[in-house]
Structure formats: C-alpha cells, structure tokens
Amino acid sequence: MSTIRPVYVVAGNRIPFAKSMTKYLGLSTQDLMTAALKALVDKTKLQGKTVGDVALGAIMQNPKDWNLTRECVQGSGLHAHTPGYNVQRACGTGLETSWQIANKIALGHINEGISGGVDTNSDLPITVSSNLKKALLHMNAARSIGDKLKILATIRPKDLAPSFPAVGEPRTGMSMGQHTEKMVQKWKIDRKSQDELALASHQRAAKAWADGFHSDLVSSFHGLDKDTIVRGDTTLEKLSRLKPAFDFTGIGTLTAGNSSPLTDGASCVLLASEESAKEHGWDLQARFVDCEVAALDYVGGDGLLMAPTIAVAKLLQRQGFKLQDFDFYEIHEAFAGQVLCTLKAWNDEAWCKRLLGQAPLGEIDLTKLNINGSSLAIGHPFAATGGRIVSSLAKMIKTSGKQRGLISICTAGGMGIAAILERV
C-alpha cells in the first residue's frame, strides 16, 4: 500500500483573460491551452522532459478536440512520452484537475504533474440541427444517388439553422443568471451590495496588476500582456446605472456589471512531491492540503450555486478547521450575488442545520476575501478559473508569510468544489 505524501504547488501560468469575441476571436481552444502550457513548461525548464501526467479540461469543447490534452502536451515542449487526459466538472474543472494530479502524487503513482483548464466562447462548437444531422447520416449510409437525393429533398430551410451550445440547465431550462436571481431574492441580497462587491473586485484586481502581482503568473499571448476586463476606473454610480440582465420583471438585480463576463482564457499549474521539486530545483509555493466536492437539489429549490457551502463544511470538518481559520478566502465570483448568498448561508442556522447538519459556520473577515480581485473583474473562462485561483493563492501564501487559504468554486449542475492550501 502506498504511503501518503505531501503535495506542493510549484508554479502556475495563464494567458491574459480576454472578453469573448474580441482579442482571441479566430483562435481555438487548443491554441489557448497550448500557449499557457508551453509558457509554464518554459518557466519551469521542462522542455524535452517527461512529467507523470497532465490533466486539462474544457467545458465548451469542440468535437475535434476529443484528445485536447494530449494534443496540447505535444505542442508544449514536453517530451512526447508525457501522457495527458481530459477532465470536465463544469466551472470546477480547473480545481478538479489539480485535485486529481495531487492525489496521484500523494499516492506515489507519479512524482509531478500538470493540471489546468481552458475555455473560449470565441471558438464555440456550433453544430447542425438534429434534423439535418439525421438526414446527413442517412445520406452517408444510402447506396445510390437516387436514395441520397430523396433524403436531400426532405431537408427544410429551418433545418439549416445552426445549433449553439445550451446556456441553460437542462432540468430547468433556466440560465445560471436566472437561477442566481432566485437565490438573491430568497436570501434578500440587494442590488447595492452586489454592485459594491463588483466594484471592490475591479479595484483590487487593478491594484494587483499595478503592483506587479501577476507579472510571473501571466504570460504574454497574441499581443496581450494583461487581462482586458479589469476596470479600475469604474464607480458605484456607473455600476448602478446598468440594467438587469436576466430578470426583466422589475425586481431583477443581476447586471452585466455584477456578473462575470463571458471570457476566453487558459491556465495551468505544476504540482510535485518534495523529492521531485528538489531534483528539479523548483521552489515550493504552498502545500495542496485537501479538496472536497458536493452537490445539492437545485431543482428542488436549494439554489443552483449554493453547493460550495456544503463542500467547504465537509472539508473543514475533515481537516479540523473552523471557517475563520484562514488568512485568505478565494471565492469564485460567478456573480456578486452568488458570493453574498454563500456568505449569508454559512451564518444561517436553518440552512446549516438542514444542509450541513451542524451549527452555523459563522462569518469571515471580508478584508481577506479575494484580495487581488476575482472573476467579476478578471473574467471567468469556465474551466480556466480553478487554475488561476490555485496559482494566485499559492503565491499569496508564499509571498505574505501567511499560513492558510481556502478556495470555493460553484459550478453548473448544482455542484461545488473547495480546497485548502497552506504554507510550506
């Protein structure tokens, strides 16, 4: 039986995050992911070398990218003997891949590995309609020209319309924004509080860029040197003028300003055992302590993006920590309202008793929340967000001398994933 050993975050890299349909229009998912991975390989001097495994993922994945990770590995500078595989857990993909690689290292199956994720709405996997697809398949199977023409004649103009990826939850038909509107109404989160959190995210992200925090975490790509979405000059007044984006009944509070924008980008993380780090001369950033995933009944009314409350509670219980035992809290900002609902639920007696089976977890020190900004300002390329957060948090712990950080990410399908990193 293998001995469990500690796992460390060695380095991370991402390309600048850009608003969808702008700077990366025309580039593929593979282009973006390969660029981020190659820059990490160069940074850690892994050119021509083999690592134990590479786990990457994407949500908006084109069928041609069925072997995305392996293709990216072969274009990254790593030795061709390096394996790779695809992972998908909605917006938690980037953290899920880190968890999987960390577990392989902890069990001694590999000594080092790379995790990450990518998404781009500028390379959507647009497909044909179901009727057109059926006709094309039957035409392919038909043996005579006459049979093919008969099938071709059944195609109607409406069948030629392309089919775009679904943006709603299959079981409810509602978008994530519509679900979050229901959450903020249930938890009584007002518009001003959401706009204030969005403003803080932009201001902190702008300051982090100005202070050089991202200088060794973000590599230049396609003419970009920094994220394009950060607005350090926005104000509460500007945010308050934006119209609701999901609920048009007059009570909607979610806007383009307090919701994460559609974003293109890629990120990756190198994790290793202490022995491997010493062998390669790598500096250890932080220890990857533990991770947890959870799900809830959002169809039954629990709230689509509330599962991180459960994941965090389970993680804290297993590790023997209180919610207040952290120096940094990295809570993914899918929506400002979603973050505020999560914070409120952790301190709600009825919620904690019913969903967590325990007393309220309490409140956190908000000065420790997303101190360098998060998804509202930096952007959210779905599967890339987890890698961004792991890399950033590891650096924050390393450079600050602080002890510990907590990650919380909500995902589609009523799931949530959480992790703990701590000082080496």
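Q: Helices are DSSP runs (H or I, at least four residues), numbered from the N terminus; how is helix 4 oriented relative to helix 5?
A: This is a predicted model, in which local features need pLDDT of at least 70 and side-chain atom pairs count only at pLDDT 80 or more, while totals for chains, interfaces and linings use all residues. Residues are numbered from 1 along each chain as its sequence is written, and side-chain values use heavy atoms, without hydrogens and water. Helix 4 (residues 130-141) and helix 5 (residues 145-152) pack with their axes 9 Å apart, at an angle of about 175°. Because angles over 145 degrees count this way, helix 4 is, relative to helix 5, roughly antiparallel.

Q: Which residues of helix 5 make the contact with helix 4?
A: Contact here means heavy atoms within 4.5 Å. Helix 4 contributes A135, H138, M139 and N140, and on the side of helix 5 the residues are K148, I151 and L152.

Q: How many disulfides does a search of the whole structure find?
A: A disulfide requires a pair of cysteine sulfur atoms within 2.5 Å. The sulfur of C291 is too far for a bond, since the closest cysteine sulfur, in C410, is 14 Å away. C410 is in no disulfide either, its nearest cysteine sulfur, that of C91, being 6.7 Å away. For the whole structure, the number of disulfides found is zero.

Q: Is C291 buried or exposed?
A: Buried means under 20% relative accessible area and exposed over 50%, with partly exposed in between (1.4 Å probe, protein chains only). C410, at 2% relative accessibility, counts as buried. C291 has 1% relative accessibility, and therefore it counts as buried.

How values were computed
Axes are lines fitted to C-alpha atoms, for helices over the stretch in contact, and angles run from 0 to 180 degrees between N-to-C directions. Helices (H or I, at least four residues) and strands (E, at least two) are DSSP runs, numbered from the N terminus. Angles under 35 degrees count as roughly parallel, over 145 as roughly antiparallel, 65 to 115 as roughly perpendicular and the rest as oblique.
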